[in-house]
Amino acid sequence: YQNKEFKFEFSYPQNWIIDDLTIVTKDLFALGMGLGLGGDDIVWVHVVFESDLAKAIDSHVSDYAEGTKIEKEQKFTLDNIEGKIIYLNIGGNSPDLDRWVFVQYDSKVYTMGITSDVAPHDKEFDQILSTFRFLE
């Protein structure tokens, strides 16, 4: 997949599809992908029109259910740009954690995430992350 407007590309599994319901608002570009069998999207890519990484993370966490908290946060590098990976406990009592990567690039914050209810696809998520590149 390549997006020239927001200057990024990545590869995804051959049997997956990009969701036709790409979301674009004044604050966000969001793209979902998955198996395309009428189920939920497995991996999301967001481009947040916010130049502050900490604000983007806070905003993302607040979009979840009340009580959601960051269980773990650590440095993460995506295409040679240092960012963060966070592990979210949704609602504060989930046994599984959502995983989201945040990187600031070109006055925007790029995020990629996988929700805990599709954890069997962690391997595919890691493969997508490993192919993610920013375009010049």
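1. Which residues have the most contacts inside the largest nonpolar core? Among the 26 residues of that core, the ones with the most contacts are Phe8, Phe10, Met33, Val43, Tyr110, Met112 and Phe132; a nonpolar core is here a set of buried Ala, Val, Leu, Ile, Met, Phe, Trp, Tyr and Cys residues joined through side-chain atoms within 4.5 Å, and buried means under 20% relative accessible area with a 1.4 Å probe, protein chains only. At least two residues each are supplied to this core by strand 5, strand 6, strand 8 (81-89), strand 9 (98-105), strand 10 and helix 2 (122-131). A second, separate core of 10 residues includes Leu53, Ile57, Phe102 and Val109.

2. On the basis of these values: this is a predicted model, in which local features need pLDDT of at least 70 and side-chain atom pairs count only at pLDDT 80 or more, while totals for chains, interfaces and linings use all residues. Residues are numbered from 1 along each chain as its sequence is written, and side-chain values use heavy atoms, with hydrogens and water left out.

3. Strand 6 (43-48) is largely enclosed by the rest of the structure, because 5 of its 6 residues are buried; helices (H or I, at least four residues) and strands (E, at least two) are DSSP runs numbered from the N terminus. Strand 6 runs antiparallel to strand 5 (residues 28-34), joined by 6 bridges, with Gly32 opposite Trp44. Strand 6 is also joined by 6 bridges, again antiparallel, to strand 10 (residues 108-114), where Thr111 stands opposite His46. Two strands pair if DSSP finds at least two bridges between them.

4. Val43 touches Trp16, Leu31, Gly32, Met33, Met112, Gly113, Phe125 and Ile128, leaving aside residues up to four places away in sequence; contact means heavy atoms within 4.5 Å.

5. The largest pocket holds about 270 Å³ of space, a pocket being an open set of points on a 1 Å grid where a 1.4 Å probe fits, with protein on both sides within 12 Å along at least five of seven lines, and lining residues having an atom within 4 Å of a point. Of its 13 lining residues, Leu28, Val48, Ser59, His60 and Asp63 are the closest to the centre. Helix 1 (53-62) gives the largest share of the lining, 4 residues, and the lining comprises 5 nonpolar, 4 polar and 4 charged residues.

6. Separately, an open antiparallel sheet is formed by 3 strands in the order 1-2-11, with strand 1 (2-3) and strand 11 (133-134) as its edges. Gln2 stands opposite Glu9 in strand 2.

Conventions:
Grid points are joined across faces, edges and corners, and a volume is the space filled by probe spheres set on the points. Ala, Val, Leu, Ile, Met, Phe, Trp, Tyr, Cys and Pro count as nonpolar, Asp, Glu, Lys and Arg as charged, and the others, Gly among them, as polar. Buried means under 20% relative accessible area, exposed over 50%, partly exposed in between (1.4 Å probe, protein chains only).
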